[in-house]
Amino acid sequence: MTAIAKEVTRSDVEAFLYREAALLDDWNLDGWLELYEPDAKYELPCNDKLDADPERDLLLIDDDHRRLQARVERLNNRRAHREYPHSRTNHQVFNVRFEPDGDRIAVTASFTVWRFRGGKTSTYVGKYRYRLRPAGESFRICFKRVELDMTDLRDVADVAIIL
Amino acid sequence: MSTIEDWTTEVIAAPARQPLVVDDQAGQTFRVHRSAMTSPDVHRAEIERVYGHSWLYVGHESEIPEPGDFVRRKVAGRPIFMVRGAKSGNVNVFHNSCTHRGALVCRQDSGNAKVFQCFYHAWSFDSEGTLKGVPDREAYSNGLNFDELGLARVARVESYRGFVFASYDPDIIDLETYLAGAKEYIDLVVDGCGGSVEIIKGTNEYSFDANFKLLVENSADGYHAQSTHDTYFKYLVSLGTDLQGGVIGEAKRLGNGHAVIEYTAPWGRPVAKWEPLFGEQAKVEIDRIRAELIDRYGEERARTMCEVNRNLIIYPNLIINDIMAVTVRTMFSPAPNRVDVTAWELAPTEEPSSLRDRRLDSFLTFLGPGGFATPDDIEALESCQQGFEGGGVEWNDISRGMGRGPMANDEEQMREFWRRWQQQMGDAADLGGAR
C-alpha cells in the first residue's frame, strides 16, 4: 500500500461523499463544483450501455469541467424550466469501498437519489465510481461516473438534476 | 310561455359534424381540439386507425449487421423483435410471442442468437422464424404442422436506406410511396454522412406525462427555441458562438402527413459547419468534409447538407432531426397523457474518432434526458398536458404563418401532421362523437 492509501480511512472517504451529497441537496451547486479538479470529468452512461466509452458511444452526460460549470450555471438560472422551481432531492450514499490508484483513491459506492417535484417522486439507484485526489484534510474529485441500475429512464423522465 | 312538456319534446337537430382539427383556410386559422390529447376514446381509435395503418419505425439495419443479430423493441406498444436471418441475410421482424402458448421468445434487448427458444415449454425457432424444435412431439397424434407454427411476421416490413419500418396493415401502400417527399430528406442525411450511417451504441429511453402528438409538434418547432431553450443559447454564447442570424428558414409539406423545417441556426454541425465548441483544430477537418461533399454532390446540394438544419416529421411517430447532431426518435402513447420515447444518435459508419468525439459532444449539449434542452421540452409538454386537463379552454391554436410562405418558426409542419391525422381518424376524431 502507498503512504496515501494507508493514511486514508473509510470514514474520511464517507465524510467527503456525505459532504458532496449535502451540497447537492442544499442546491449549493457553486460550492459543489469547487470539489472538482479543473480537469475533472462527470459521466453518466445510458442505461443500456453502462460500459460506454465516451469517445465512441452515446452517454447521457459526458461533461468536462467547462460543461459541468455550464450545467451549474444553467441550473442556477430560472430559465432551466425543468428545474425551476428546483426539485427537493435526497442523495444517499452507502456501500463505500476504496483502494489506492497511484496517487489517487478509487472509490465505488452505491447510491439512491430521491427527487420530489410537483407531486411526483423519482428514484435513481446505481453506483458511483470516483477518482479522488487527497488534498489536505479532504479530497478533490478528478472523476465521477454515475452508473444507473434502472433499465431505462421511463420512471424518471430525465436526469436534469445532478446525481 | 313554454311548458316543461314543450321543452322536453323539442326535437334537437343532429349537430353538424365537427372535426377535432379545424383547418379554416379562408379565416387563416387552424385549431386542434384538446380532447385529441386527453380523450381515452380518441386514444383507442388512434391506436387502431393511425398506428394500425401506418409504416412505423422499428430500427436501423446497422443495429443488426451480422447473421443472428437481434434487437427487441415495442412498436406501437406491441412486442416485436428484429433479427438478421442466418440463411437469408434478410431483416426479419417477428411478433415476439411463442406460437404455442404465447410467452416471449426473445427476452433480451439485443444480442446474437442462432436459436430463439421459448423457456416455457422449450419450443425453439431459428432466426428465419422457422419452428425447429418441440419437446415430446410424439404426443401430438396427428403430428404438428411445423410450417404453420413458425414465428408470426409483422404484416409488412420494408426499409429505406437502412431505416427499417413495419406495418400491421397487410394492405398498406409500399414504404417508398408512403414516405413521399420525406425520402429526399432521408437521402440528404445519409448522403451527407458519406452514404453509410449507423446507430451509435447507447439508447435514450424515457417517458413523461404528455400525449405523443405534443412531442411530434415540439420536435419540429422553431418558434419555441428562443424562449424555451434560452439557457442552451446562453451556453453557446459563453463558448463564443454568434447568435446573430438566428433561426431562419422555411417549413415544407412532404405529403402523407410528413413535413420538414429547413433552416440555418447559430449552432455548429458535425457535417459540416464549424462553431467554437468544436475547437480551432476542427476547422481543417470540417473544411475537408465540406470539400468532399462538394466534389461528390455539387456546390448547392453540399451547401444544403452542411449548412442547413432539418427537423423531419415522418408521420405518425418518427422524427429525424439533423441539427447539431443527428437524432432518430420514435414515440408512442400507452395512455392519452403519457408518452414513451426511444431515441438514438445516428452517425457516419466507421467515423474517424476526432469526428465522432465532436459529434457526441455536440449531441449532448442539447439533446437527450441529460442535455441542456430536452429536459426543458419535457417540462413544456407536461405543462401543456396539465393545462389541458384543467378544461376551460377547448382549443389549441396552430395558425402561425398561415398567411405567408411558411417559415421554419411557423407551424405549417404541425398542420400537415394534423391534417393527415384527422383524415385517418375520420369520425373517431369528431367533437361529440367518440370522446
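What distance separates the centres of domain 1 of chain B and domain 2 of chain B, taken over C-alpha atoms? The centres of these two domains lie 33 Å apart. The structure is a predicted model, in which local features need pLDDT of at least 70, side-chain atom pairs count only at pLDDT 80 or more, and totals for chains, interfaces and linings use all residues. Residues are numbered from 1 along each chain as its sequence is written, while chains are lettered from A and ligands numbered from 1 in the order in which they are written.

In chain B, domain 1 covers 56-167 and domain 2 covers 181-429; such bounds come from an automatic or database domain assignment. The contact between the domains takes 11 residues from domain 1 of chain B and 13 residues from domain 2 of chain B, two residues being in contact if their C-beta atoms, placed from the backbone, lie within 7 Å. On the side of domain 1 of chain B that touches domain 2 of chain B, strand β3 (residues 56-60) of chain B gives the most, with 3 residues. Helices (H or I, at least four residues) and strands (E, at least two) are DSSP runs, numbered from the N terminus. That side of domain 1 of chain B has 5 nonpolar, 4 polar and 2 charged residues. Here Ala, Val, Leu, Ile, Met, Phe, Trp, Tyr, Cys and Pro count as nonpolar, Asp, Glu, Lys and Arg as charged, and the others, Gly among them, as polar.

Strand β3 of chain B also belongs to an open sheet of 3 strands, in the order β3-β12-β11 (chain B), with antiparallel pairing. Two strands pair if DSSP finds at least two bridges between them. β3 and β11 (156-160) of chain B stand at the edges, each with a single partner strand, so one side of each has no neighbour in the sheet. Neighbouring strands of this sheet are turned by 30° against each other on average, direction ignored. β11(B) is joined by 5 bridges to strand β12 (residues 163-167) of chain B, and the two run antiparallel. Tyr160(B) stands opposite Phe163(B) in β12(B).

A further open sheet has 4 strands in the order β6-β5-β4-β7 (chain B), with antiparallel pairing. Its edges are β6 (91-95) and β7 (110-112) of chain B; each has a single partner strand, so one side of each is left without a neighbour in the sheet. The twist averages 25° from one strand to the next. Strand β4 (residues 69-75) of chain B pairs with strand β5 (residues 78-84) of chain B in the antiparallel sense over 6 bridges. In β5(B), Phe81(B) stands opposite Arg72(B), and Ile80(B) is the bridge partner of Arg73(B). β4(B) and β5(B) form a hairpin with 2 residues between them, and Ala76(B) in the turn has a positive phi of about 55°. β4(B) is also joined to β7(B) by 3 bridges, the two strands running antiparallel. The bridge partner of Asp69(B) in β7(B) is Asn112(B).

Another antiparallel pair is made by strand β15 (residues 248-255) of chain B and strand β16 (residues 258-264) of chain B, joined by 7 bridges. Arg253(B) has Ala259(B) in β16(B) as its bridge partner. The hairpin of β15(B) and β16(B) has 2 residues between the strands, and Asn256(B) takes a positive phi near 55°.

Helix α6 (residues 212-219) of chain B packs with helix α11 (residues 374-389) of chain B at an angle of about 135°, with their axes 10 Å apart. Axes are lines fitted to C-alpha atoms, for helices over the stretch in contact, and angles run from 0 to 180 degrees between N-to-C directions. α6(B) and α11(B) are therefore oblique to each other; angles under 35 degrees count as roughly parallel, over 145 as roughly antiparallel, 65 to 115 as roughly perpendicular and the rest as oblique. Leu214(B), Leu215(B) and Asn218(B) in α6(B) meet residues of α11(B), including Asp377(B), Ala380(B) and Leu381(B).

Between the chains, 30 residues of chain A are in contact with 33 residues of chain B. On the side of chain A that touches chain B, β1 (36-45), β2 (59-64) and α4 (65-75) of chain A each supply at least two residues. The largest share, 4 residues, comes from β2(A). By class, this side of chain A divides into 15 nonpolar, 3 polar and 12 charged residues.
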